[in-house]
Amino acid sequence: MKTESKLEKLLERGEFVVTAEIGPPKHASAEGIRHHAHMLKDYVDATNITDCQTAVVRLSSIASAVHILDCGIEPIVQMTCRDRNRIAIQSDLLGAYSLGMRNLLCLSGDHQKFGSEPTAKNVYDIDSIHLIYLMRRMRDEKLFFSGEPIKDHEPRFFIGAVANPFADPFEYRVDRLEKKVEAGAEFIQTQCIYDMERFERFMEMVRERGIHERVHILAGVTPLKSWRAAKYLQTSVSGMIVPDEIVERLKKAEDPKKEGVEICIEQIKHIRNIPGIHGVHIMAIAWEEVVPEIVERSGLYPRPKVE
């Protein structure tokens with residue numbers, strides 16, 4: 001084992017893991033995220049703490065992760081390249097490790113023009129692939145980004161990245177995934193999946209290159225509350241494919257929320273049968289309370305224990 005991460009232990013043991021996501025609030029109170037953490041603690045193996053997702057100002061990922069950890073869930077700290085230069089990134093991640101964080105998800109970050117501060121300057125001193133490489137080197141070779149040696153107490157994160165199987169050009173998606181794995185990514189969380197046929201083609205290409213044997217892939221799912229939400233993803237979100245039959249199914253449903261949960265459970269059961277998938281990442285955006293039901297009804301409860 002390279003790290004003290006519970007998530008790494010479970011994946012290396014061959015368990016089918018479950019991660020979820022908690023979005024920090026747009027204020028300074030931790031009451032909401034602590035409530036969600038207590039609710040999820042027995043149903044997930046780790047929880048992403050987003051880093052100002054959609055470029056909207058929120059409580060910091062690292063501060064939020066301290067609260068999540070205190071509630072009994074192992075956090076996955078997100079770090080975006082959008083907002084920090086390499087000095088700030090290293091400082092923040094040394095601090096995160098000192099506070100007990102053991103999982104790191106490296107991201108470029110949504111462009112600021114889509115968020116609450118569209119005139120803010122972006123940074124992008126390094127990109128996500130460079131960040132993965134430098135954090136792997138910091139851990140395994142005990143070097144700061146500059147190459148200066150770390151004398152002791154290097155941060156030993158279990159390093160993750162994201163993948164979007166659906167953006168065009170389609171073939172390039174696997175190339176980009178492989179670059180992240182070669183840089184040092186040890187687990188991957190995908191964009192939310194609705195088009196199972198296209199995702200299966202993506203995984204075929206992944207298996208042809210043996211990538212699934214070099215990294216742990218967690219397939220992303222998001223329960224939908226309404227047909228309008230599905231239509232919005234279908235028409236307005238770049239790199240997202242939502243089949244028409246899902247939109248129509250939600251439109252015809254007497255209880256769209258219940259139907260959205262049913263669809264998500266069906267998706268997870270399908271995903272579990274795809275070779276090379278090591279877990280699911282449930283992104284119940286502003287709907288965290290539905291995650292326990294999804295986990296239970298998908299046959300993923302109780303969660304395995306780690307000594």
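Okay, let's start with a pair of helices: the axes of H6 and helix H7, which covers residues 196–208, come within 10 Å of each other and cross at roughly 45 degrees. What I'm showing you is a predicted model, so keep that in mind as we go.

How are H6 and H7 oriented to each other, then? Angles under 35 degrees count as roughly parallel, and 65 to 115 as roughly perpendicular. The crossing here is at roughly 45 degrees, and H6 and H7 are therefore oblique to each other. Their crossing is right-handed. On the H6 side, the contact is made by Phe170, Arg173, Val174 and Leu177, and on the H7 side by Arg198, Arg201, Phe202, Met205 and Val206. If you sort those by class, you get six nonpolar residues, three charged ones and no polar ones.

Now stay on H6, residues 170–183, and look at H5, residues 128–140. These two pack at an angle of about 20 degrees, and their axes are 8 Å apart. That makes H5 and H6 roughly parallel to each other, because angles under 35 degrees count that way. H5 passes H6 in a right-handed crossing. Which residues meet here? From H5 we have Ser128, Ile129, Ile132, Tyr133 and Arg136, and from H6 we have Arg176, Lys179, Lys180 and Ala183. By class, this contact of H5 with H6 has four nonpolar, one polar and four charged residues.

Pro169 sits in the loop between strand E5, residues 158–163, and H6. The peptide bond that joins Asp168 to Pro169 is cis, with omega at about -5 degrees.

Another cis bond runs from Tyr301 to Pro302, and its omega is near 5 degrees. You'll find Pro302 in the segment after helix H11, residues 291–297.

One more backbone point: Ala55. Its phi is positive, about 60 degrees, although Ala55 is not a glycine. Look for Ala55 in the loop between strand E2 (46–49) and helix H3 (61–70).

Last stop, a pocket. The second largest pocket has a volume of about 190 Å³. How many residues line it? There are 13, and Lys6, Lys41, Asp42, Pro304 and Lys305 are the ones nearest its centre. The lining of this second largest pocket divides into six nonpolar, six charged and one polar residue.

Note on methods:
Residues are numbered from 1 along each chain as its sequence is written. This is a predicted model: local features need pLDDT of at least 70, side-chain atom pairs count only at pLDDT 80 or more; totals for chains, interfaces and linings use all residues. Side-chain values use heavy atoms; hydrogens and water are left out. Axes are lines fitted to C-alpha atoms, for helices over the stretch in contact, and angles run from 0 to 180 degrees between N-to-C directions. Helices (H or I, at least four residues) and strands (E, at least two) are DSSP runs, numbered from the N terminus. Angles under 35 degrees count as roughly parallel, over 145 as roughly antiparallel, 65 to 115 as roughly perpendicular and the rest as oblique. A crossing is left-handed if the near helix is turned anticlockwise from the far one by less than a right angle, and right-handed if clockwise. Contact means heavy atoms within 4.5 Å. Ala, Val, Leu, Ile, Met, Phe, Trp, Tyr, Cys and Pro count as nonpolar, Asp, Glu, Lys and Arg as charged, and the others, Gly among them, as polar. On a 1 Å grid over the protein atoms alone, a cavity is a set of points where a 1.4 Å probe fits but cannot get out, and a pocket is an open set with protein on both sides within 12 Å along at least five of seven lines; lining residues have an atom within 4 Å of a point. Grid points are joined across faces, edges and corners, and a volume is the space filled by probe spheres set on the points.
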